[in-house]
Each structure stands twice: as C-alpha cells, then as structure tokens.
Amino acid sequence: MATANNSDFTEKSNNKQAVDALIHARWIIPVVPERRLYENCSLAIKGGLIAAILPTAEARNRFRAREEHQLDNQILIPGLINTHNHAAMSLLRGFADDQPLMTWLQKHIWPAEQQWVSPEFVADGTRLAMAEMLRSGTTTFSDQYFFPEATAAAAREAGMRVQIAFPIIDFPNAWSRNGDDAIEKGLALRDDYRSHSRIGLAFAPHAPYTVGDETLKKIAIYANELQMPVQMHLHETAGEVAKAFADTGQRPIQRLHSLGLLSPQMLCVHMTAVDDSDIALLQKTGAHIAHCPRSNLKLASGFTPIAKLLDAGINVAIGTDGAASNNGLDILLETNTAALLAKAISGDASALPAHQALAMATLNGARALGIDDATGSIEVGKAADLCAIDLSELEQQPLHDPLSQLIYTANGHHVRNVWVAGKLLLQDRRLMTLNEEEVRQRAGVWRDRIAGRTQ
C-alpha cells in the first residue's frame, strides 16, 4: 500500500488550534483513497467530525486537544458497519442450532418469538448485541426486528449509529397486526427520530413469502416519496427461488422489480441463489446486497457469488444476520469468511483482496445504508466513527502488511478502542456506555426463562 507523505495533508499553522481530541496511531487505513496506508499519523477530532489527518509530529505542533490517545501498535480504520442484523435475537444464541433454514424458522424460532418477544426482550437483547458489536469494532448496524422502538431507544442510549429497518409482515405477529399496521407504526417511529443524527429508519418487508403484492406496492410508493431505504431477505435459498418461480412464473427479484421496489434505495439481504438475469437486474437498478456468509454457511443456505457480483459493479456489503443463526456478530470474522469464500467459489485466489474486503465492511456498508456522506471512510468532514485494532499479538507476527494481517489474522478480540461521532464508546476493551455486568445478568435471566427454569 502507498505510504502518506506531507503533501497529503493540510498546511502547517503557526498557532495551535483547539480540538476535542487527537488520536495518534501507528497505522491508519482510511479506505478512501483506496489502498492508502498512513504511518505514524494522527486524526484531529472536533464536534464529532474528522477535522484533519496529518503526521503525528505536525499534529502535536498544530493542535491542542482536550484529550489525546496514543495507539501504539494499533491500526485505525473506519468503524465497521453491519448492514443486516436482528440484534435482539442474541438472546436466542445457540437456542436451535444445526437446523436447515425453514425448519429452524418454523419449528423453533417463530414459536419461541411468539412466546417470548416483548419490548423488554428486545431492549435486553439489543444491549447484549451492541456490547458484542462494540467490542468487535462495529459502530453502525442496520437492525430488522420486532418492537423497533425499543431497539432505537437502546441504541440512542448506547451512542451507536443505527438504521432501524422496521419489520413488515402481512400476518399478525408480536409487533403488528398486518402490513398496513406495521407501515403506520414504522412511519410514526420515523417521525420520532426525524432529526436524530445517528438514527435512521428503513422499510423492511420481511421476505417475498411473507409479504404480498399490495403491501409491497405501498412500500415502493412510500420509499420513493420519502426517499427512505428498503431492505428485504431475498433469494436466501435455492428452494425459495424455485418455489416462487413454480407459483408465479417469476423469480422473486423479478417480482420486486415489477412492483417498483428495486432501486438504489433497496438492500437485498443474502442473495445466495443468483443467476445472470438477477445480476442484470441488480446492475440496471443499482440495488445493493448484504452478504451474510457465516449465517448462510451455518443454515446451509447457499453461496453468494461475491466475485462475480463485484466484477459486475454491484455494491456488496457485509452483515452478520442475527446471533441465533450465526452465533456471533463479529464483522472482522465475517469479512475474513467472505474473503476466503469468494476465493474458493470463484476458483481465483486473487478474488476479493484484503483492501476490497475492508471496503465491504466499511464504505460499501455505508453506501448500502445510504449514509456514505457521513461515515464509512476516514475523510475530513466525515463523522469520527473509528475502530482501533491491536496488531501486536504473537500470532500476528511478523508484520509484513498491516492490512493483510487485519483481514486474515485479526478478529473482534483484537479491537481495543471504538469511537462513534467522536465519542469514545470502547476504551481498552472497556464499554463506556453499557454496563457489562448488567448486560450479562439480563442475558442469564432470559436464558432461564426460555429454558423454563423461571417465569
């Protein structure tokens, strides 16, 4: 990777400028410009935004800060972005493992949700998920689950950036009576957070087999009028696609296109069963893909042809899905899996190189959520959403290429510090806005309730 020099930065100033924080890092990978590595450089943070990127010696001379952070042997990257999650399902981690998708849903997850899901369940599960995500470097997540108002409140308190993708299903469920009821509730929640800088709303029709045409047409109209994002589980398995084609004569993505849903505001989640006609539609409409490789592997849902999609110019981002189908929310681990799978599926060891994999976990995710003007890369003027990862462990030596080590040897346990909008949310692996012991205790309470040990 190219190394920065002084010409990359703003000119020196004789008078020290006041900033909120200076972060001095051994390495910085900004993602933009692509393939760039800054060594022994610093970020100046002011008002939650990145004010400058410059060599550390110059930063010390130019700025005075209320706080300084020295990140020896740490690599600073944009905060990781999880484009698809069901955060509260962390309370069902390990509950029904080793089952195929529809068996897992119909015989285990849906009955458990019917019995247990409530605002309390969602609040506690979301706090557990956010604790895990922060401790593994995620600063932004998109969440699709019942009682989204509880998720939004928990994220607001914890300081994370979130897209609340409120669930829309055409039959009664824990949160809504039908699709119209869900849309009404979701738009009311949007009004509540209209001016919030870290919380956005999106429509989330659950899947082609749970939402009918009339509801999907309404969503397409609202999304266009309000310029709101949409995300949907789509082509999750070959069986889903085959059944839809047998029933309607259309592949699910063709149906969505005919209803006006495919656009740059659309995020298609999973997309394991993809043919050339699907790729052509994605190219034509500018829709994005949320790739959840570990969940797809665990549920034996199939393989998303990432290299082929990227070669076609389609924006692909990384998601974990919920911890009930993945068992973890570690985006670094997810990105490593995505990179290895892309090579194996394509038969090309050069497919999805490290710099492109990191972009999928950061800037591509921001683009997929429609927030790339605010986050996803380390650039002056963008939010100071940052993740610092320790590269000093014995298992990471020798350090020939920091970016390669980041993608192929690091995981969430190496994350040391996390900032969102300039606020430190994880310091030396200590959560600053969540009570770890309380989160752990509440998880135990739900374990006992679900196991029938308590009421």
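User: Which backbone oxygen does the side chain of His86 reach, and at what distance?

Analyst: Good place to start. This is a predicted model, and in it the His86 side chain comes to 2.5 Å from the backbone oxygen of Gln144. To place the residue, check its element first: His86 sits in the loop between β6 and α2 (101–116). Then look at its contacts, skipping residues up to four places away in sequence: His86 touches Asp143, Gln144, Tyr145, His233, Asp321 and Gly322.

User: Is His86 buried or exposed?

Analyst: The general idea is a cut-off: buried means under 20% relative accessible area. His86 has 8% relative accessibility, so it counts as buried.

User: How do I read a "binding site" annotation, and which residues does it cover here?

Analyst: Treat it as a record to set beside the coordinates. The UniProt annotation, from an unreviewed entry, covers His84, His86, His233 and Asp321. Those residues span 238 residues in sequence, yet no two of their C-alpha atoms are more than 12.0 Å apart, so they gather at one spot.

User: Where is His84, and what does it touch?

Analyst: His84 belongs to strand β6 (residues 80–85). With 0% relative accessibility, it counts as buried. Leaving out residues up to four places away in sequence, its contacts include Gln144, His233, His270, Cys292 and Asp321. There's also a polar contact of 3.1 Å between the side chains of His84 and His233.

User: And where does Asp321 lie?

Analyst: Asp321 is in the loop between β13 (316–318) and α12 (323–326). Its relative accessible area is 5%, so Asp321 is buried. Beyond four places in sequence, the residues it touches include His84, Asn85, His86 and His270.

User: Which residues does UniProt list in the "binding site" entry that has Glu113?

Analyst: That listing, from an unreviewed entry, has Glu113, His206, Glu236 and Asp321. Take His206 as the example: it is placed in the loop between β9 (199–205) and α6 (213–226). At 14% relative accessibility, His206 counts as buried. Setting aside neighbours within four places in sequence, His206 has contacts that include Trp110, Gln144, Met232 and His233.

User: Let's turn to the nonpolar core. How many residues has the largest one, and which have the most contacts inside it?

Analyst: The idea is to look for the residues that tie the set together. The largest nonpolar core has 114 residues, and Phe121, Phe203, Ile389 and Leu406 have the most contacts inside it. Helix α3 (residues 119–135) gives the most to this core, with eight residues. A second, separate core has 18 residues, including Ile45, Leu71, Leu76 and Ala384.

User: What does Ile389 touch?

Analyst: Not counting residues up to four places away in sequence, Ile389 has contacts with Ile75, Ile77, Leu332, Leu406 and Val415, among others.

Conventions: Residues are numbered from 1 along each chain as its sequence is written. This is a predicted model: local features need pLDDT of at least 70, side-chain atom pairs count only at pLDDT 80 or more; totals for chains, interfaces and linings use all residues. Side-chain values use heavy atoms; hydrogens and water are left out. UniProt positions are given in the numbering used here, feature names are shortened, and annotations may be inferred rather than shown by experiment. Helices (H or I, at least four residues) and strands (E, at least two) are DSSP runs, numbered from the N terminus. Buried means under 20% relative accessible area, exposed over 50%, partly exposed in between (1.4 Å probe, protein chains only). Contact means heavy atoms within 4.5 Å. A polar contact is a pair of N or O atoms within 3.5 Å; within protein, one must be able to donate a hydrogen and the other to accept it, and residues adjacent in sequence count only if both atoms are side-chain atoms. A nonpolar core is a set of buried Ala, Val, Leu, Ile, Met, Phe, Trp, Tyr and Cys residues joined through side-chain atoms within 4.5 Å.
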